[in-house]
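The structure is shown first.

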Amino acid sequence: MKLGELEKLLLHYLWQHECADVKKVYAYFEPKRGGSLNTYQSTLDRLYKKGLLARQKEGHAFVYRARVERHQLIGQLIKSVTTDFVGEDDGSSLIAAFSSMSQEFNVDQLNQLESLIELQKQKLNQKG
Amino acid sequence: MLDGTLALLLNVLAIALVCFALHNVAVSAIVSLLNQRFLQLQVPSRKATLWLLVSVPWLSALCTASYFYYAANNNTLFENQTSVAHWHHVDTFSWLSWHGLTLASAIGFLSYIVITRIATFSRHRSELAHLVALSERIGSNTYEIQSTDIAAFTAGFIKPKCFITQGMRQQTTEQEQTIILKHEIAHAKRRDPFKKWLFSILCAFYIPTISKRLSLHMTLAMEQEADNAVICSENSSLDIAGTLVKVARLNASGNTIKNTDMVANFGADVLEQRVYFLLGQLNLKPVNKLLMLIIIIATFFLCLSSVDGLHHFIEAVFKH
């Protein structure tokens with residue numbers, strides 16, 4: 001799913017302002033970046049169709065709100081992108097991560113590895 | 001009952017399937033027996049061996065099917081019943097036989113794998129585009145995600161992109177960030193996410209335990225290769241190992257450390273192996289190419305000669 005520049009701005013706006021109809025959105029953005037009411041209406045509509053916004057009819061206009069909070073959406077996307085159809089980070093994940101995200105490290109093991117690195121550093125310093 | 005060219009083609013496919021299954025069992029046995037030995041191989045040798053292991057059933061099935069097709073077309077398949085390979089009803093085929101049922105099941109399974117992997121590919125692309133849209137570009141093909149999570153990864157099949165979270169940047173020093181990003185850029189340059197996806201498709205034809213082992217070995221090899229790419233005058237292998245352990249600790253902090261089962265054990269070993277590799281504590285050797293070639297040729301001839309034997313053995317139980 002690709003998001004255009006205006007789509008991103010509108011999403012950020014709705015994350016900050018909870019809910020708004022197209023007139024409110026237009027009134028906020030028009031002085032800053034211009035554009036017609038129709039442009040904002042179609043952008044909100046596109047975001048709704050992409051499943052990022054929810055809307056409710058109030059009077060003659062739709063009132064839009066973000067479906068998920070920004071941090072929730074990002075968290076979901078990171079989790080989804082970094083895991084695959086088999087399971088969480090079992091080696092078959094489609095990404096290449098710097099460190100496993102499985103969090104199944106043993107603290108003692110980490111301490112041992114750190115000591116080993118420190119020992120190597122000391123040996124190197126002594127040689128130098 | 002089918003006969004003629006169509007029957008020949010379907011029989012050849014059935015032969016390819018039997019051969020594939022035999023090779024699959026052979027590779028599974030090799031992986032089970034030599035699981036730890038793989039860790040003693042140099043990284044490029046290990047990667048080549050893993051690619052060979054996952055692709056050898058396909059290559060072998062193709063070679064065997066080609067041989068049978070050629071032999072059947074040249075009427076040599078029945079001339080000598082004691083020849084290395086023969087098939088006693090190559091010109092007739094029935095879908096209501098065990099050949100037909102296994103072939104139909106195999107086609108169904110293959111379609112399932114292809115469809116699910118394409119769907120995953122498509123979903124992954126869409127989510128990735130979404131993540132890019134919500135991230136800040138901090139370099140060419142490098143993005144910062146505004147999240148407190150501790151993560152750095154490379155994703156994307158055609159144009160891989162590197163991601164680092166704000167949380168990771170806040171918790172690490174500038175030098176550590178350089179190491180992390182260089183590591184990710186090395187993955188992107190090698191198109192590792194796409195290779196992992198391709199490898200996972202080939203692994204999907206093995207039983208889950210073998211598939212996971214193969215995937216973990218490939219993951220480790222890719223990570224070691226990317227770690228190796230970061231070593232330069234500014235970043236010593238000790239700095240990289242230190243960063244790796246620090247990030248692992250950050251990932252683990254606040255979480256209950258689970259007791260290790262077989263997979264988790266190996267997952268932890270991935271970190272250990274990477275650190276030992278960076279500290280030069282592993283005595284890695286290149287693969288013995290001659291031995292590998294002998295094993296592959298022997299397995300191929302064993303499969304070729306046992307295709308009809310297996311066929312007769314199964315038909316002792318099932319009807320045509």
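The model is predicted; local features need pLDDT of at least 70 and side-chain atom pairs pLDDT 80 or more, while totals for chains, interfaces and linings use all residues. Residues are numbered from 1 along each chain as its sequence is written, and chains are lettered from A and ligands numbered from 1 in the order in which they are written.

**The sheet of chain A**

Chain A holds an open sheet of three strands in the order 1-3-2, with antiparallel pairing. Strand 1 and strand 2 of chain A are the edge strands; each has a single partner strand, so one side of each lacks a neighbour in the sheet. On average, neighbouring strands of this sheet are turned by 30° against each other, direction ignored. Helix 1 (residues 5–17) of chain A packs on the sheet and touches strand 1, strand 2 and strand 3 of chain A, its direction making about 85° with that of strand 3 of chain A. Contact here means that the C-beta atoms of two residues, placed from the backbone, lie within 7 Å. Helix 2 (residues 22–33) of chain A lies across strand 1 and strand 3 of chain A and runs at about 90° to strand 1 of chain A.

Helices (H or I, at least four residues) and strands (E, at least two) are DSSP runs numbered from the N terminus, and two strands pair if DSSP finds at least two bridges between them. Strand 1 (residues 19–21) of chain A pairs with strand 3 (residues 61–66) of chain A in the antiparallel sense over three bridges; A:Cys19 has A:Arg65 as its bridge partner. Strand 2 (residues 53–58) of chain A pairs with strand 3 of chain A, also antiparallel, over six bridges, and A:Leu53 stands opposite A:Ala66. Strand 2 and strand 3 of chain A form a hairpin with two residues between them, and A:Gly59 in the turn has a positive phi of about 70°.

**Two helix pairs**

Axes are lines fitted to C-alpha atoms, for helices over the stretch in contact, and angles run from 0 to 180 degrees between N-to-C directions.

| Helix pair | Angle | Axis separation |
|---|---|---|
| Helix 1 (residues 5–34) and helix 2 (residues 43–73) of chain B | about 150° | 8 Å |
| Helix 5 (residues 107–127) of chain A and helix 8 (residues 237–252) of chain B | about 160° | 10 Å |

Helix 1 and helix 2 of chain B are therefore roughly antiparallel to each other, a class that takes angles over 145 degrees. Among the residues in contact are B:Cys19 and B:Phe20 in helix 1 of chain B, and B:Pro57 and B:Phe68 in helix 2 of chain B. By class, this contact of helix 1 with helix 2 of chain B has 17 nonpolar, four polar and no charged residues. Ala, Val, Leu, Ile, Met, Phe, Trp, Tyr, Cys and Pro count as nonpolar, Asp, Glu, Lys and Arg as charged, and the others, Gly among them, as polar.

Helix 5 of chain A and helix 8 of chain B are therefore roughly antiparallel as well. Their contact includes A:Glu114 and A:Lys121 of helix 5 of chain A and B:Arg249 of helix 8 of chain B. The residues of this contact divide into nine nonpolar, two polar and three charged.

Definitions and conventions: Parallel < 35°, antiparallel > 145°, perpendicular 65-115°, else oblique.
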